[in-house]
Amino acid sequence: MSDEHAAPPDPEPDEQKGFQFPSTMTVLVAVTFVVWIAAFLIPAGQYARDDEGVPAPGTYRQVDSPQGFDERVEDFFLAPVNGLYGIQDPATGFVQPFGVGTLFGAVGVFAFVLAIGAFMTMVLATGALDVAIGRLAYAVRGRPWLVIVAVMALFSLLGTTMGWADETLGFYALLVPLLLVLGYDRMAVAGMIIASTTVGAMASTVNPFSIGVASEFADVGIGDGIGLRWIGWFVLTAITIAYVVRYAERVKADPARSLVGFRPEDSALVEKEQSAADLTLTGRQKAVLVITTFSFALLVFSVIPWESIINVELQTDPYTHEAIVEDFWWSLGWWFPELTALFLVSTVVVGLVAGFGERDITGNIARGFGDFIGAAVAVVLARGVTVILNNTQTIDTILSWMEDAVSGTSAVGFTTVVFVINTGIAFVIPSSSGHATLAMPLLAPLGDFADVSRPLVVTAWSWGAGVARFITPTSAVVMAGIALAGVRYDRWIRFMLPLMGLLAAACIVMLGAAALLE
């Protein structure tokens, strides 16, 4: 990848003497150390669980720490390794580099990020994307903010329906140069991608990985309470889009108001893309753009769980009386292994179509891996933090604090406390499905005592957990995303906090009104 398009380290455009905020990788190492120290202060504990690992309300008890000091030290240094390919033992729940069990590490996302790097480097080397971006920027020069609105609305819709998140890491190399040419900064790119997907997942409507799992453990249907959730999605998405567009337009009008500034290479990139607008696409370049469009369209289509989104009438086996799930023939059900293979194959195809030789193809692949390795490592480090909390058995203790906090409150107070408490827990458990599996069996029965319907409990949990995920350092979407956009973590927090406050206020008002109307 050319220097202009490479995923940069966290920049400091206005170089100053004195303290400089550390890079994303250093922040994650520091977070790992802080969590490791905190695990010594939080007592270990366990809930009684059923065969599926679901905790039972009221069964929490403190237990002796499962690890000695030497084992905890070993866990700290192995955190990146476990974050990459750690295996979770089904009997003990511990994560370690070797053994038999379920993959806990993020090697799938790691490989996907590298594959995207190779693909985008190959595409950029053909010059096709430069010409396309230059022409698109010229076409929308009158209303460039429409690009932000369109992308954010689409990503939020994908987030609310199917949990679109990690897949967005492939779009930075496309959208960074486009928004720079339109006069916006790198923060606008990060906000456009991360905020839209996060608010979509936060305001999940039929997302099977969050609302689906939570509804199952709350013993309600995924469609129960969907009216409020669609209203919430519209309101919260509108607030988020308006916030990002307002910031982007202010920066366009006065670049000095940018939170991240503009670097010399940004200006060079803009000049390059603008000059390319006058060029004509060759036949090979047109074919490259077709392959690029097809690859990203297939990415979106292949990961959508169509059977979960489309209401299919299930048949019952007459002998076992179990539901028979018939997959649609066109539903691919791909995930990161298949997506990685897709973009690696597409990388080679683009190189061949462009007429590159063997050395050029392999050289571009290697450069692409190198450009995106920082973001891929951020994914691994973020996952390693979760491993430490898992192996010290402190997550159940945190859940018990939540159970104690929501007990005995009024209906309005219950929804508010559920929202606030799960905002905090989401920093510890970044996975929405994992969070739902652990929290919802405890919250749903408590909602019955507070006269709060279980669908409203599910919604309060989803909105509360979603607010934290805009800035949580254990989220690969956030940490890898800002690394790819070239935005420092402290600047990202500064940008997001006002929006998080607006969204939290809107959520609490809607939840309180819903509780009063029940």
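Angles under 35 degrees count as roughly parallel, those over 145 as roughly antiparallel, those from 65 to 115 as roughly perpendicular, and the rest as oblique. This is a predicted model, in which local features need pLDDT of at least 70 and side-chain atom pairs count only at pLDDT 80 or more, while totals for chains, interfaces and linings use all residues. Residues are numbered from 1 along each chain as its sequence is written, and side-chain values use heavy atoms, with hydrogens and water left out. Helices (DSSP runs of H or I, at least four residues) are numbered from the N terminus, and their axes are lines fitted to C-alpha atoms over the stretch in contact, with angles running from 0 to 180 degrees between N-to-C directions.

**Helix α9 and its partners**

- The axes of α5 (residues 145–162) and α9 (residues 226–253) come within 10 Å and cross at roughly 150 degrees, and the two helices are therefore roughly antiparallel to each other.
- In the contact (heavy atoms within 4.5 Å), the α5 residues include Trp 145, Ile 148 and Met 152, and those of α9 include Trp 230, Trp 233 and Ile 241.
- By class (Ala, Val, Leu, Ile, Met, Phe, Trp, Tyr, Cys and Pro count as nonpolar, Asp, Glu, Lys and Arg as charged, and the others, Gly among them, as polar), the contact of α5 with α9 has 12 nonpolar, 5 polar and 1 charged residues.
- The axes of α7 (residues 186–202) and α9 also come within 10 Å, crossing at roughly 175 degrees, and α7 and α9 are therefore roughly antiparallel to each other.
- Among the residues making this contact are Met 187, Gly 191 and Met 192 of α7, together with Trp 233, Leu 236 and Tyr 247 of α9; the contact divides into 11 nonpolar, 4 polar and no charged residues.

- Ala 128, Leu 129 and Ala 132 of α4 meet Gln 285, Val 288 and Leu 289 of α11, a contact of 5 nonpolar, 1 polar and no charged residues.
- Val 140, in the loop between α4 (128–139) and α5, touches Val 147 and Leu 182, not counting residues up to four places away in sequence.
- The C-alpha atoms of Val 140 and Leu 182 are separated by 8.5 Å, although these residues are 42 residues apart along the chain.
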